Amino acid sequence: MGLRTTFTALALGATLLAAPAQAVDVQEAVSPEGTTFWLVEEQTIPIVSVEVWFEGGGRLDPEDRPGLSRLTIGLIDEGSGGMDAVAYSKARDELAARFGFGVERDRVTVSATMLAEEATASAALLGTVLAEPRFDLDAVDRVRAQMLSSLASSETDPNSVASKRWYARAFPDHPYGRPLDGTKESVTAITREEIQAQYDTLMARSRATVAVVGAVTPVEAGALIDTILAGVPEGSSVAAPEPAGAPPAGVDVVSLPIPQSVAIWGQQGLRRDDPDFFPAFVMNHILGGGGFSSRLMTEVREKRGLAYGVYSYLSELDGAELYLGSVQTANDRIAESLDVVKTEWTRMATEGVTEEELDKAKKFLTGAFPLRFDSNSKIAGFLAFAQAEDFGRDYIDRRNGLIEAVTVEDIRRVAARLLDTDALSVVVVGEPAGL
């Protein structure tokens, strides 16, 4: 292994010291071309991480072409400009850069981690990738075949079947109800022209949220951003998604010949800007988000041995607020497991939590927060998230205080407001007994 290769491996694997979250100094700056971005300047390690999030995502797929955005973004690193996929991959590796591209329901994500000494060249390569994707027919066919193979495998994966069915049932007339990965029919029918048109729809500089972290000054960061986005059109805004409404209550069983059943349940949740969000966040940690310390894990696994794991979490889309959970267990135990979940849902709604439970939850949630800042890429991702949610640059400083301020009375109030077993929308996949 050569000296440069050794340095590259060490540098890309290096992380920032897990300093207290309050030690992260977030600056706001504007690039010469007018793109506002957040920056954490960290000169200790010669690495620069960049996050660019484009508002829109899979919800912009045409109704008859679910999966179009996933296929489109999956082709970005299959060649650009004068480089085919092999030449592009070689150029990226020579710079020791890492690029990542993803699609969610409400956004497209672009991630980059690069050596500071090669940041200008790496940004230029990423800029070419974003400005001139080739969408070669052989690459289209190859990535399409990969998606079709994955879709075929997912038909026998109970977790995948349950998730797709839950969203389809919850949002039958909404883009969120369509599968991000598409269907065999939709993916097969997608043309190269549709891919190019969708790329032009998804990528718009005016809808970009940008964060930079690492060994770079504000001036240098602005130049990198303008280089990365140079070929991305200004574009136009996209309409906010229609509010999706509450998922329908009840139990839906999907038969699948497997020895264990998977259940996904959910109900309407809270927006992150709701005054009760942090009490709900702490409440969920106690109820189902705290791993082995949560009530659901204690009652379902530890006391009764019904399942290996069970969990719940708050989730927010641009047009829907959700409170979701899942459990997987033997077919003859799934009904009892869900009964226990509903019992704990009701107990939390009527009794709230104890001071001891609240104190333990606060200590964990505040103590674990700095672990979200132990690498440039993690910080960049968090900054992009905080910008997209309009939390403000001081959110990192305020977050733990918001958790510390939660009281037993706050949780009792939000639990009574939020939790409703009669509103639970449940999908079970398998051959469940007793449902």
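Predicted model: local features only at pLDDT ≥ 70, side-chain atom pairs only at ≥ 80, totals over all residues.
Arg295, Leu296, Glu299 and Val300 of helix H11 meet Ser337, Val340, Val341, Glu344, Arg347 and Met348 of helix H12. Sorted by class, this contact has five nonpolar, one polar and four charged residues. H11 covers residues 295-302 and H12 covers residues 334-351; the two pack at an angle of about 150°, with their axes 10 Å apart. Angles over 145 degrees count as roughly antiparallel, and H11 and H12 are therefore roughly antiparallel to each other. Their crossing is right-handed.

Helix H10 (residues 277-289) and helix H15 (residues 395-404) have axes that come within 10 Å and cross at roughly 65°. H10 and H15 are therefore roughly perpendicular to each other. The crossing in which H10 passes H15 is right-handed. On the H10 side the contact is made by Phe278, Phe281 and Val282, and on the H15 side by Tyr395, Arg399, Leu402 and Ile403. By class, six nonpolar residues and one charged residue take part, with no polar ones.

Strand S10 (residues 260-268) and strand S13 (residues 425-430) run antiparallel and are joined by five bridges. Within this pair, Gly266 stands opposite Ser425 of S13. S10 also pairs with S12, in the antiparallel sense and over nine bridges. Here Ile264 stands opposite Ser326 of S12. S12 in turn pairs with S11, again in the antiparallel sense, over eight bridges. Val310 has Val327 of S12 as its bridge partner. A hairpin connects S11 to S12 through two residues. How much of S12 is buried? Nine of its 11 residues are buried, and the strand is mostly covered.

Eight of the nine residues of S3 are buried, so the strand is largely enclosed by the rest of the structure. S3 pairs with strand S7 (residues 107-115) in the antiparallel sense over nine bridges. Glu55 stands opposite Arg107 of S7. S3 pairs with strand S8 (residues 208-214) as well, in the antiparallel sense over seven bridges. In that pairing, Phe54 has Ala208 of S8 as its bridge partner.

Note on methods: Residues numbered from 1 in each chain as written. Heavy atoms only, no water. Axes fitted to C-alpha atoms, helices over the stretch in contact; angles between N-to-C directions. Helix = DSSP H or I, 4+ residues; strand = E, 2+ residues; numbered from the N terminus. Parallel < 35°, antiparallel > 145°, perpendicular 65-115°, else oblique. Left-handed = near helix turned anticlockwise from the far one by under 90°. Contact = heavy atoms within 4.5 Å. Nonpolar A, V, L, I, M, F, W, Y, C, P; charged D, E, K, R; others polar. Pairing = 2+ DSSP bridges. Buried < 20%, exposed > 50% of the residue type's maximum accessible area, 1.4 Å probe, protein only.
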